[in-house]
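Q: I have a structure open and I'd like to learn how to read it. Can we go through it feature by feature?

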Amino acid sequence: MRPKLAIVPGDPSGIGPELIAKLLAEDGVCDAADIVLVGDAHLWQRGGEQAGTEITLNTISEHEIATFEGLSHLDLETISPEQVDVANVTVAGGTTSLRCLDKALDLAQAGRVDGVLFAPFNKAAMTSAGLNAEDEHRYMARYLGFTGYHSEINVLDELMTTRVTSHIGLKDVARNIDGPGIQRAIDLAHATLARAGKARPHIAVAALNPHAGDNGKFGTEEIEIIEPVVKACQQRQMHVTGPWPSDTVFLKAQRGEVDAVVTMYHDQGQIAIKLMGFERGVTVAGGLPIPVATPAHGTAFDIAGKGIANVGATRQAFDLLVRMATTAKAEAAP
């Protein structure tokens, strides 16, 4: 059940190629999965030079991917070496990001790979190249023709967070909190944890208001909206608790008492996760029909090309993707 993973270099102007080169040099990585590097050969070679390591490119055709084992390379011609402008946002970099991602998704849809890992993208570059979506997660869903519920999931070590609302203004959060939205976020956390090997995860639901509303003094969303969903989940024999005050729920998470936290809005979870371990954070494209993961940090243009990028989050993303893709592969086996 060894999975086969497609790896995409991310924005060529950032630290992505360097990170992947460092990842491939890590102990156990090439033993954990068959890997297909998707993208221009010179990008991978540049990454090796930046990382101070050598990448051997075993270039194969798309039709050979299904049977090839070990480390391979599917060559694309998306950008010339002269167009790579390290540490700067470019249309060419955004175009490369989209074309390499598209090809990796094509391989996954065709059943040639079991999961996709992408190094950091730059949203401004991708938008200039025609992203035409709020973010890469919605772009991937649209590209795959997937219309079910999906959302970004943030992961730190063994902890996952999902959120009921995401990229909206804080003033709009309260009126966008409803029972079905909370239920979807809980179900997404539960399904993703199950895919990662957790049989009966403990999911804690954060409150919206200070002190969880303090019995209605600071708002009634906890009483009227959040608690009924938690109780309904408990009646389904799910290990769901809350609503917990958001200034203490992550203390439980830090102590390892819960497997996931469902937050009500973007920064409620993001601030806590990044403070707890910015260099280890992972983002999962939750809900999509194929496992997709990426390090949670950005392209880090300020250190691009300097050979000092920290591979920690990329390794965490790879290890989690291996687990998810292995489970998906086992479930699909006859």
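A: The general idea is a side-chain nitrogen of Lys or Arg within 4 Å of a carboxyl oxygen of Asp or Glu. This is a predicted model, where local features need pLDDT of at least 70, side-chain atom pairs count only at pLDDT 80 or more, and totals for chains, interfaces and linings use all residues. Residues are numbered from 1 along each chain as its sequence is written, and side-chain values use heavy atoms, with hydrogens and water left out.

Q: Where in the chain do D34 and R2 sit?

A: D34 is in strand β2 (residues 34–38), while R2 is in the segment before β1 (4–8). The two are 32 residues apart, and the pair links distant parts of the chain.

Q: Is D34 buried or exposed?

A: Buried means under 20% relative accessible area, exposed means over 50%, and partly exposed is in between (1.4 Å probe, protein chains only). D34 has 8% relative accessibility, so it counts as buried. R2 is at 35%, so R2 counts as partly exposed.

Q: Which parts of the chain does the salt bridge between E26 and R315 tie together?

A: The side chains of E26 and R315 meet at 3.1 Å, N to O. E26 lies in the loop between α1 (16–24) and α2 (29–32) and R315 in helix α11 (residues 312–332), so this pair ties together parts 289 residues apart in sequence. E26 counts as partly exposed because its relative accessibility is 32%, and R315 counts as buried because its value is 19%.

Q: What about D157 and R280?

A: Their side chains also meet in a salt bridge, at 2.8 Å from N to O. This pair links distant parts of the chain, 123 residues apart: D157 is in the loop between β5 (151–156) and β6 (159–163), and R280 is in the loop between α10 (266–277) and β10 (281–286). D157 is partly exposed, at 34% relative accessibility, and R280 is partly exposed too, at 31%.

Q: How many salt bridges does the whole structure have?

A: A search of the whole structure finds 21. Salt bridges can also share partners, and that joins R2, K4 and D34 into one network.

Q: How do I read aromatic pairs, and how many are there?

A: Look at the rings of Phe, Tyr and Trp (its six-membered ring): they pair if their centres lie within 6.5 Å, and planes under 30 degrees apart count as stacked, over 60 as edge-to-face and the rest as tilted. This structure holds 2 such pairs. F118 and F121 are stacked, with 4.6 Å centre to centre and 15° between the planes. Both F118 and F121 are buried.

Q: Why does the pair of Y139 and Y143 count as stacked?

A: Their planes are at 25°, with ring centres 6.2 Å apart, so the pair is stacked. Both lie in helix α6 (residues 136–144), 4 residues apart, which is about one turn of the helix. Y139 is buried at 11% relative accessible area, whereas Y143 is partly exposed at 31%.

Q: Which charged end sits over the ring of W244?

A: The test is NZ of Lys or CZ of Arg within 6 Å of the ring centre and within 35 degrees of the ring normal. Here the charged end of K252 sits over the W244 ring, 4.1 Å from its centre.

Q: Last one: how do I read a helix, say α8, and where does α8 bend?

A: Start with its span: the expected value is 1.5 Å times one less than the number of residues. Helix α8 (residues 221–235) has 15 residues and reaches 21 Å from first C-alpha to last, close to the expected 21 Å. For a bend, take the angle between axes fitted to the seven residues ending at a residue and the seven starting there. α8 bends by about 35° at E227, and a proline, P228, follows within four residues. Its buried residues are E221, E222, I226, V229, V230 and C233. Just after α8, Q237 takes a positive phi of about 65°.
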